[in-house]
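Have the viewer open and keep the sequence handy.

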Amino acid sequence: FFIMTSSVLLVFILSFISFGISPLENLPGSYFHPLGEHGLLETLAWGLIALGTLVDPNFYQRCFAVDKNKTAKRGIILSTFVWIIFDLSLTFGAMYAKATMPEAEASTGYFVYALSILPDGLRGFFLAGICATILSTLDSYLFLAGTTLSYDLLPARFQKSNISQRISIVLIGLIATLLSFSFDGNIKAVWKALGSISTSALLVPLMWTHMSSSKKEDITFLLSASFGAFASIWWRLSGSKETYSLDEIYVGVIASIIGLISSVLI
């Protein structure tokens, strides 16, 4: 965590010390516009995907691991503050890269720029930070997904078996590897597709279970989640997204609400 956060912060600080803000003044105005080069619906779609944090099993796993609610609340506030610093450092670092190396490839420009501006020693520290980002994400999601599969979904006799947990982790890793080939290495497409599906399926029913004081029926949650996931996937695969220029997350969330209301009324 320390290496990951500090590495991108160092790139931003050294960029500011070396160049000031003058290179940023040469960037197109869209770089400083709240919507960038995207429309309002596209920006709101990413905002909804960001709410996927509220349905992320990693979020709940960390909250459940603490000793009391106050600890979890403090952790959420602190991590949000740190993540704002991390994201702003990464964003402004990439903007410096674009301003000083306009011909660099978008996928590698930030890394090339960071390695060119950092001195020896800090250059290695930055590379360690990149590795830390990858490895921390990889082990978090692999362990959690493997545990979920083995402990929550398998029959009771397999739940506490170390062998079943290890097999689950390997299986999840293979599925993730195969799935990654469907996106041709485009991480933005991965976040957009999988984030839209998971948020569409889980955001509405999960928020309902948190806020509603009525009895929570499993079938209500299941119908709402199924409606959202199916509608989102169908909208994407049928080509309707391109035809109507409407992101699948909107369709999925609306379908999830319809499924929730229908189930409650019935």
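Start with Glu-248, which has a relative accessibility of 0% and so counts as buried, the cut-off being under 20%. Bear in mind that this is a predicted model. What does Glu-248 pair with? Its salt-bridge partner is Lys-241, with the closest N and O atoms 3.4 Å apart. Side chains of opposite charge can pair when their charged atoms come close. Lys-241 also counts as buried, at 18% relative accessibility, and its side chain meets that of Asp-247 in another salt bridge, at 3.7 Å from N to O. Asp-247 is buried too, with a value of 7%.

Zoom out a bit and you'll see that these pairs belong to one network, in which salt bridges with shared partners link Glu-42, Lys-192, Arg-236, Lys-241, Asp-247 and Glu-248. The whole structure holds 6 salt bridges by this search.

One member of that network, Glu-42, takes us to helix α2, which covers residues 40-50. Along α2, the buried residues are Glu-42, Ala-45 and Ile-49. Why do they line one face of the helix? Looking down the axis of α2, you find the buried residues within an arc of 55 degrees, so they sit on one face. As a reminder, an α-helix has 3.6 residues a turn, so residues three or four places apart point the same way. The cover over the buried residues of α2 includes α8 (187-211) and α11 (248-265).

Which residues is Leu-24 in contact with, leaving aside neighbours within four places in sequence? The list is Phe-32, Phe-92, Met-95, Tyr-96 and Ala-99.

Next, the surface. Leu-9, Ile-13, Phe-16, Ile-17, Ile-21, Leu-78, Phe-81 and Ile-85 make a nonpolar patch of about 760 Å². At least two of the patch residues come from each of α1 (2-19) and α4 (69-100), and α1 contributes the most, with 4. Ile-85, which lies in α4, is partly exposed with a relative accessible area of 30%.

There's also a salt bridge to compare with the ones you started from. Arg-123 pairs with Asp-120, with the closest N and O atoms 2.6 Å apart. Is Asp-120 buried or exposed? Its relative accessibility is 65%, so Asp-120 counts as exposed, while Arg-123 is partly exposed at 28%.

Last stop: helix α7, residues 162-180, where you'll find Ser-168. Ser-168 has a relative accessibility of 4% and so counts as buried. Setting aside residues up to four places away in sequence, Ser-168 touches Gly-146, Leu-149, Ser-150 and Leu-154.

Key:
Residues numbered from 1 in each chain as written. Predicted model: local features only at pLDDT ≥ 70, side-chain atom pairs only at ≥ 80, totals over all residues. Heavy atoms only, no water. Buried < 20%, exposed > 50% of the residue type's maximum accessible area, 1.4 Å probe, protein only. Arc of directions from axis to C-beta. Contact = heavy atoms within 4.5 Å. Patch = residues over 30% accessible without salt bridge, like charges linked within 9 Å, V, L, I, M, F, W, Y side chains within 5 Å. Areas by Shrake-Rupley, 256 points an atom, 1.4 Å probe, with all protein chains shown as cover. Salt bridge = Lys/Arg side-chain N within 4 Å of Asp/Glu carboxyl O.
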